[in-house]
Amino acid sequence: MLDASLLLVALMAALALRPWQLLRNRKALVTQDHGDSSPLWTPLLATVVVLPWLWALPTLHQMPLQLQWSGACLVMMCLGWPLAVPALCVVGAMACVLSPGLGAEEALRLTVWHGIVPATFAMLWGALLRRWLGTKVFVYIFGRGFVGTVLSLFAAGMLSAALGHELPGVNEDLSTIARWLMAWGDAVVTGMMCAIFVAYKPEWLATWSDDLYLYGKKG
């Protein structure tokens, strides 16, 4: 019931912010003019096509250690928190359909603790970084993309463990180390992708603004 409640509260809060508007127009967020079609359709479609397979992968075949990939922090940085929450809910539902070994209860837990909770932590961490360190490119890529992912995923994992969610095939004494290492693996990919997108595809990052991070415009 706790997982269902957390998912419902997050989804209602996200929908109250009308995230579908980001899919219509992003002229206020990026310097490029893309007309009425939002470039966020590309990362959104990539999320719902690729991420369900990564979430379902540990249950699709026998693995000694079923370590779970998240990707939630990268999704949040690409789509923004309001759009990332419903997208991660769709990912969890599709992962449940793709894998016969992934039941509805496990898919719900996966959606909350590997998706919504770390994405929420990453959003809050990004807000704190902007307040403490300002808007600098290095802060965005390293502070949000890398360090923020490590802290967000590890905090979500430890909170999940405190509520009794165990890692399959991992000894309880080693679960903390396993969660820490998984967070680092996710962070390396997230930080690398953020650096690439900032350089070549900034319009794929809803949390990025050329005016804010490159030119220092506050308005």
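I started with how α3 and α5 sit in this predicted model, and the two helices are oblique to each other. The numbers behind that are a crossing of roughly 55° and axes that come within 8 Å. For reference, I noted that α5 covers residues 104–133. I also looked up the hand of the crossing: α3 passes α5 right-handed.

Next I asked myself which residues in α3 meet α5. They are Ala-72, Cys-73 and Met-76. On the α5 side I wrote down His-114, Gly-115, Pro-118, Ala-119, Ala-122 and Met-123. Sorted by class, this contact has 7 nonpolar and 2 polar residues, with no charged ones.

Then I turned to the other partner of α3.

I looked up α2, residues 41–60, against α3, residues 72–79. These helices pack at an angle of about 160°, and their axes are 10 Å apart. Angles over 145 degrees count as roughly antiparallel, so that is how I logged α2 relative to α3. The crossing of this pair is left-handed.

Where does α2 touch α3? From α2 I listed Pro-43, Leu-44, Thr-47 and Leu-51. Across from them, in α3, are Val-75, Cys-78 and Leu-79.

My summary for α3: it is oblique to α5, and α2 runs roughly antiparallel to α3. The α3 crossing is right-handed with α5 and left-handed with α2.

Terms used
Residues are numbered from 1 along each chain as its sequence is written. This is a predicted model: local features need pLDDT of at least 70, side-chain atom pairs count only at pLDDT 80 or more; totals for chains, interfaces and linings use all residues. Side-chain values use heavy atoms; hydrogens and water are left out. Axes are lines fitted to C-alpha atoms, for helices over the stretch in contact, and angles run from 0 to 180 degrees between N-to-C directions. Helices (H or I, at least four residues) and strands (E, at least two) are DSSP runs, numbered from the N terminus. Angles under 35 degrees count as roughly parallel, over 145 as roughly antiparallel, 65 to 115 as roughly perpendicular and the rest as oblique. A crossing is left-handed if the near helix is turned anticlockwise from the far one by less than a right angle, and right-handed if clockwise. Contact means heavy atoms within 4.5 Å. Ala, Val, Leu, Ile, Met, Phe, Trp, Tyr, Cys and Pro count as nonpolar, Asp, Glu, Lys and Arg as charged, and the others, Gly among them, as polar.
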